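Dear colleague,

I am handing over the structure we spoke about, and my notes on it follow below. Please read them alongside the coordinates.

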Amino acid sequence: MAKAAIDFHEAQFVSLPGQSNIYGLLSLKMEGTHKLVVATVRGQIFCLEYQRGALRPPLLPINFTYIPADAEVISIDGFVKKLHSAVIGVTLVKRDSDPKEVYFNLYGIHSDPHTPFQWEKIAEDWQPLNLDFIPFQLTHTQILAGDQWETVFLLPGDDLKVHMYRESFSSEVCYQEEPSEVWFPELQDLPSSVTYMDMRLIGHQRLSALGCQSGYLKCALVDLTSSSVVKYWSSKLIDGPITSVKFFTFVSKDARFKGEHSNITESLSEFHLLVGSAVELAAVFLNVMEQGLSNPQALPSSHMHDSVLCTEVADVNWDGENELVLGTYGKEILVYQVKRKDNDAIAFELVWQRSFAHPLHCLWYGDLTNDGLCELVAVSMGGVHILQHNLQQASAWCVRRLSTPPAVTIPDGAAKDESSIHETLHAELSKNKLNDL
């Protein structure tokens, strides 16, 4: 598949009244549109969402219940529970309290999925949980309880533990902490505080990665039906705190269902691990399931712009393969592309970069403007930057894709007369056009 040159320009900039951090961005997809929630360390939380017909996204403040004026938001996460409802988690610490008062607030726990979504209702429907540790990244995943899937929150702390919070159906308290070792055996006996985690579910198996403050890195494959570790790998090749871990495949998610990659399905053997470091070069551990953490590939020049604070994986040049996007404290976005050599060796090449006025804390790639074309969103110390693809380039790419007939395979035993072939070609071409628009 041909490639388009990477060419982003800043379409919008939304200033924030305070800086965020590497755990301060949440994306929710509801009713076909994306809502970006950005938290500042001063305790202010905003929603960024393009309204129909609007040229600029309004910065809507969300007045979550019990976030005091002296509170510092550490991390935010959430998930869509049903069609019109979402559960949001916010961790915070009161700066002026002695000893420190630390909370994990949950919002939207009683929201009605049959009524239109309103931030006011979500923000007022809350449950506070007191914490006796300083939290880091807040994330969520699913567990298999019997034959039912449940979504739980995971929260690592400075006590060298990863805490699990699960919805309770038999208690007046909606969410409560449960022992994580029952469901997450791979998160036990850690030598350092976990700073970042990523998890992928494939069938009834979970592939987990966690990076620690000391540079310790661990991956594990877990059987969900028995809650047992099938295999695991660990490494101390990295010095200093790990700022990001992210599983990815070379083939992009969209390419799996269209074009020349339409026969590819996601499997465990495809996963690689992108690791960002506060001190060293970012690296990719190839084929984790086959090679564990023994085959790191450094991303060249990724250490030349101070610490790598955030990462994203997306097909930003529309060639069907993912690129690796890094955001640094040195105010740079770096985009890397996979290169295959003649001997089938894999390397990564820096193909695009852009400078900013402030350090970058978070990255997200998705269709924020609801126009069918994804944007690259970067949260910096100064605000939110919305980077848009070159529209002329995107238009030319769409025309080229629509004018290229897809490869059509006539099933064995099917009629191969001219009219049948024309009908098959017309059906495939129509489907391809609809997918690409």
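To begin with a charge and a ring, the charged end of Lys218 sits over the ring of Tyr232, 5.2 Å from its centre, where sitting over a ring requires NZ of Lys or CZ of Arg within 6 Å of the ring centre and within 35 degrees of the ring normal. Arg354 likewise lies over the face of Phe356, at 4.7 Å from the ring centre.

Please note that this is a predicted model, in which local features need pLDDT of at least 70 and side-chain atom pairs count only at pLDDT 80 or more, while totals for chains, interfaces and linings use all residues. Residues are numbered from 1 along each chain as its sequence is written, and side-chain values use heavy atoms, with hydrogens and water left out.

The protein chain holds 4 helices and 28 strands, these being DSSP runs numbered from the N terminus (H or I of at least four residues for helices, E of at least two for strands). Of its 437 residues, 54% are buried, that is, under 20% relative accessible area with a 1.4 Å probe and protein chains only.

Turning to the aromatic rings, there are 15 aromatic pairs, counted where the ring centres of Phe, Tyr and Trp (its six-membered ring) lie within 6.5 Å, with planes under 30 degrees apart taken as stacked, over 60 as edge-to-face and the rest as tilted. Phe247 and Phe271 form an edge-to-face pair, 6.1 Å centre to centre with 75 degrees between the planes; this pair links distant parts of the chain, since Phe247 is in strand 18 and Phe271 in the loop between strand 18 and strand 19, 24 residues apart. Phe247 is buried, at a relative accessible area of 0%, and Phe271 is buried, also at 0%. Elsewhere, Phe79, Phe104, Phe153, Tyr165 and Tyr175 form one aromatic cluster.

The largest nonpolar core has 23 residues, and Ile45, Phe64, Ile88, Val90 and Trp119 have the most contacts inside it; such a core is a set of buried Ala, Val, Leu, Ile, Met, Phe, Trp, Tyr and Cys residues joined through side-chain atoms within 4.5 Å. Strand 7 gives the most to this core, with 4 residues. Leaving aside neighbours within four places in sequence, Val90 is in contact (heavy atoms within 4.5 Å) with residues including Ile45, Ile67, Phe104 and Leu138. Apart from this core lies another, of 22 residues, among them Ile202, Ala209, Ile242 and Met289.

Best regards

Note on methods: Buried means under 20% relative accessible area, exposed over 50%, partly exposed in between (1.4 Å probe, protein chains only).
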